[in-house]
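Look at the model below.

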Amino acid sequence: MGNTQGVVAVVVERVPAPSTARLEQTGAAPGALRRLSARMPRDIVDVAAAGTVVAALALALLALLVTVSSSGSDPRADIGATAALLALCLPIYLWHLAFAVRGAVPRNASGTLLTLAVLVLGATPVLGVAWLNTAHIVAVVAALTLRPMLAVPISVMLTAATAPTALLLGASGPDALWLAVTTGMRVIAVYTLVWMVVALRRLLRAGAALAEQAVARERLRIDRELERTVRRALAEITSAARRAQDFTARDDRASARVELATLVDISRRGLAEARQLIRGFQQPAFHHEIASAAALLAAAGIEARVRLPAAGLPEKVDESLRVALRTELARLLRDGADEPVVLAVARVGGEWALECHGESPVSCAGSTR
């Protein structure tokens, strides 16, 4: 499946703080697909896999319906025998599908494929044209089980062979051609559904792996920062302690007291730096947070820009501004945007306000003094 990614850009600009009033919120209309995906359950992959198996089972059961409808015209159509053979073939078919939607192949797959082929193809001369509607399950299992260099030609051959086989069994030319077409459509439909479920599983696993890598990189960065801060403080403490020890050995108590006082100051300063560093990790600077929000929007395919005041932001901002940013980020990731988004921080009426711009102005509710 082709992986379509939106072309995105994240641009950080610094512009003078606007003196105009806050922009009114109009909001970009979310697409129908985004609204639908927002209502989907978290276990959408399992739902899709179950739906694929149900759809494949329904297509296989059509053979029984065709047998019922043709029982009056074809003397070989036997409803009881068809149901009995389906009861033998469908478990094998569903067994392969259950593994396929998880991206796996069952053990002894070649043997079960051969058994299924014998049951389906061997019963065709006995049960007539109606039973040929099950030929696609052999082609599907072959496509899902064998290597591509074998799966493709075998599936194509099985699909193409339905037309001449139907003619030999007494079907008319149009009926035989239609049977071949519908068999090919069933093979393509089931295989595509399985392929999409597998691709979705791989995509989710890749996203989880990227998230784990991001967490691991952040932990390594935090470890390096803490190690650098603590190592420097420990080195200074060690040096001061050695100097105090030397002065004590020379009975220079005054110098030793000075070194001990220096040691205490270094310890306090190092502890304060470590505490400040940890607080910074717990609550990052707002300009880092808004830049991260723009990066998340870009990863979601939404073109995002950040505008900060030319004078810069204060070191501490009120929590309401952070809440407004997180709320707007969640809304955009949920509903999407049909146009580029600009996240701007401006000084309005003595307060810091978070504003969102598009081609039509959008304002976010959030400000701090």
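**A side-chain pair and a helix pair**

The side chain of Arg331 makes a polar contact with the side chain of Glu328, at 2.4 Å. Such a contact is a pair of N or O atoms within 3.5 Å; within protein, one must be able to donate a hydrogen and the other to accept it, and residues adjacent in sequence count only if both atoms are side-chain atoms. Arg331 sits in helix α10, residues 319-335. Its relative accessible area is 17%, so Arg331 is buried (under 20%; exposed is over 50%, partly exposed in between, with a 1.4 Å probe and protein chains only).

This is a predicted model: local features need pLDDT of at least 70, side-chain atom pairs count only at pLDDT 80 or more, and totals for chains, interfaces and linings use all residues. Residues are numbered from 1 along each chain as its sequence is written, and side-chain values use heavy atoms, without hydrogens and water.

Now the helix pair. Helix α3 (residues 79-100) packs against helix α4 (residues 109-127) at an angle of about 155°, with the axes 10 Å apart. The two are therefore roughly antiparallel (angles over 145 degrees). Their crossing is left-handed. Contact means heavy atoms within 4.5 Å. On the α3 side, the residues in contact include Leu85, Leu88 and Ile92; on the α4 side, they include Leu116, Leu119 and Val120. By class, this contact has twelve nonpolar, four polar and no charged residues.

The loop between α3 and α4 holds Asn108. Asn108 is not a glycine, yet has a positive phi of about 55°. Is Asn108 buried or exposed? At 59% relative accessibility, Asn108 counts as exposed.

Notes
Axes fitted to C-alpha atoms, helices over the stretch in contact; angles between N-to-C directions. Helix = DSSP H or I, 4+ residues; strand = E, 2+ residues; numbered from the N terminus. Parallel < 35°, antiparallel > 145°, perpendicular 65-115°, else oblique. Left-handed = near helix turned anticlockwise from the far one by under 90°. Nonpolar A, V, L, I, M, F, W, Y, C, P; charged D, E, K, R; others polar.
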